[in-house]
Amino acid sequence: MNVIIFGATGMIGRAVLRECLRDDSVESVLTIGRTPLGLAHRKLRDVLQPDPSDLGAPDLGLAGYDACFFCLGVSSVGMKEDAYRRITYDLTLKVARALAAANPALTFVYVSGEGTDSTERGRSMWARVKGRTENELLRLPFRAYMVRPGIVAPQHGVVSKTRLYRTVYAVAGPLLLLLRKVAPNLVNTGEQLGRAMIALATPGVDPGTRILRPKDINRLTGADPGA
């Protein structure tokens, strides 16, 4: 399959990219983002785009892709709703609509978050905006999946770009390993997310739901998180 990744410089995006480059079923990977990856690989084409939602450049060549793994996002901490919506909803939908037009048979996998509010009416700002984003993506004319991981445990040297999260992970890293054993459906690893997203884009795979929560990700990847 040929894959497009948005947000490949972030912690989750980097983990997803790693799994794509390692997987023999993935033939090529196009990454689109504001900053270079600093990575060379025979499968990889890294395109710098000041506005990742501007997909009008003819040299991008968006046709012929089988899947988009959308890992681009920001923390809502300290953000006003309008600013958070512009990135989380407006940018995501602009990209998704362009890709749907270029590739009607595309599989679009969106990294959302556990606690997202599908009703769009709850008190939590980020959960409402994420819920609206999910709902609109599910209405578009391609096969869409919403991945709502729990606590994401970084692996293989991948770290968060957010300073606060890096500090938390540095302190809580050993506790996450323990938590995976006692409460496996609260935690997913970056590797699991990457494997799950590739599986969702694989023909013939049916997870039984369009919204995947931590236990669905575990089941889809065949992982034993308590091992």
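1. Salt bridges. The count comes to 10 salt bridges in this predicted model, where a salt bridge is a side-chain nitrogen of Lys or Arg within 4 Å of a carboxyl oxygen of Asp or Glu. This is a predicted model, in which local features need pLDDT of at least 70 and side-chain atom pairs count only at pLDDT 80 or more, while totals for chains, interfaces and linings use all residues. Residues are numbered from 1 along each chain as its sequence is written, and side-chain values use heavy atoms, with hydrogens and water left out.

2. Glu19 and Arg195. One of the salt bridges joins the side chains of Glu19 and Arg195, at 4.0 Å from N to O. Glu19 lies in helix H1 (residues 11-22) and Arg195 in helix H5 (residues 190-200), so the pair ties together parts that are 176 residues apart in sequence. Helices (H or I, at least four residues) and strands (E, at least two) are DSSP runs, numbered from the N terminus. Glu19 is buried, with a relative accessible area of 1%, whereas Arg195 is partly exposed at 31%. Here buried means under 20% relative accessible area, exposed over 50%, and partly exposed in between, with a 1.4 Å probe and protein chains only.

3. A network around this pair. Salt bridges that share partners join Arg18, Glu19, Arg22, Asp23 and Arg195 into one network.

4. Helix H5 is mostly covered, with nine of its 11 residues buried. The buried residues of H5 are Gly190, Gln192, Leu193, Gly194, Ala196, Met197, Ile198, Ala199 and Leu200.

5. Glu134 and Arg148. The side chains of Glu134 and Arg148 meet in a salt bridge of 2.7 Å, N to O.

6. Arg85 and Asp82 form a salt bridge through their side chains, at 2.8 Å from N to O. Both residues lie in helix H2, three residues apart, which is about one turn of the helix. In general, an α-helix has 3.6 residues a turn, so residues three or four places apart point the same way. Arg85 is partly exposed at 25% relative accessibility, and Asp82 is partly exposed at 43%.

7. How far apart are the end C-alpha atoms of helix H2 (residues 81-102)? They are 31 Å apart, which agrees with the 32 Å that its 22 residues should span at 1.5 Å a residue; the expected span is 1.5 Å times one less than the number of residues. H2 has a kink of about 25 degrees, centred on Ile87, the bend at a residue being the angle between axes fitted to the seven residues ending there and the seven starting there.

8. The covered side of H2. Tyr84, Thr88, Tyr89, Leu91, Thr92, Leu93, Val95, Ala96, Leu99 and Ala100 are the buried residues of H2. Strand S1 (2-6), strand S4 (67-70), S5 and H3 are among the elements that cover them.

9. Charges over rings. The charged end of Arg132 sits over the ring of Tyr89, 4.0 Å from the ring centre. The charged end of Arg210 likewise sits over the ring of Tyr145, at 5.3 Å from its centre. The rule asks for NZ of Lys or CZ of Arg within 6 Å of the ring centre and within 35 degrees of the ring normal.

10. Aromatic pairs. There are four aromatic pairs; rings of Phe, Tyr and Trp (its six-membered ring) pair if their centres lie within 6.5 Å, and planes under 30 degrees apart count as stacked, over 60 as edge-to-face and the rest as tilted. Phe108 and Phe142 form a stacked pair, 5.2 Å centre to centre with 5 degrees between the planes. This pair links distant parts of the chain, 34 residues apart: Phe108 is in strand S5 (residues 107-111), and Phe142 is in the loop between helix H3 (125-139) and strand S6 (143-147). Phe108 is buried at 0% relative accessibility, and Phe142 is buried at 8%. Phe6, Phe70, Phe108, Tyr110 and Phe142 form one aromatic cluster.

11. Contacts of Phe142. Leaving aside neighbours within four places in sequence, Phe142 is in contact with Ala96, Ala100, Pro104, Leu106, Phe108 and Leu137, where contact means heavy atoms within 4.5 Å. Phe142 and Ala100 are 42 residues apart in sequence and 6.2 Å apart in space, C-alpha to C-alpha.

12. The chain overall. The chain has six helices and nine strands. Of its 227 residues, 47% count as buried.
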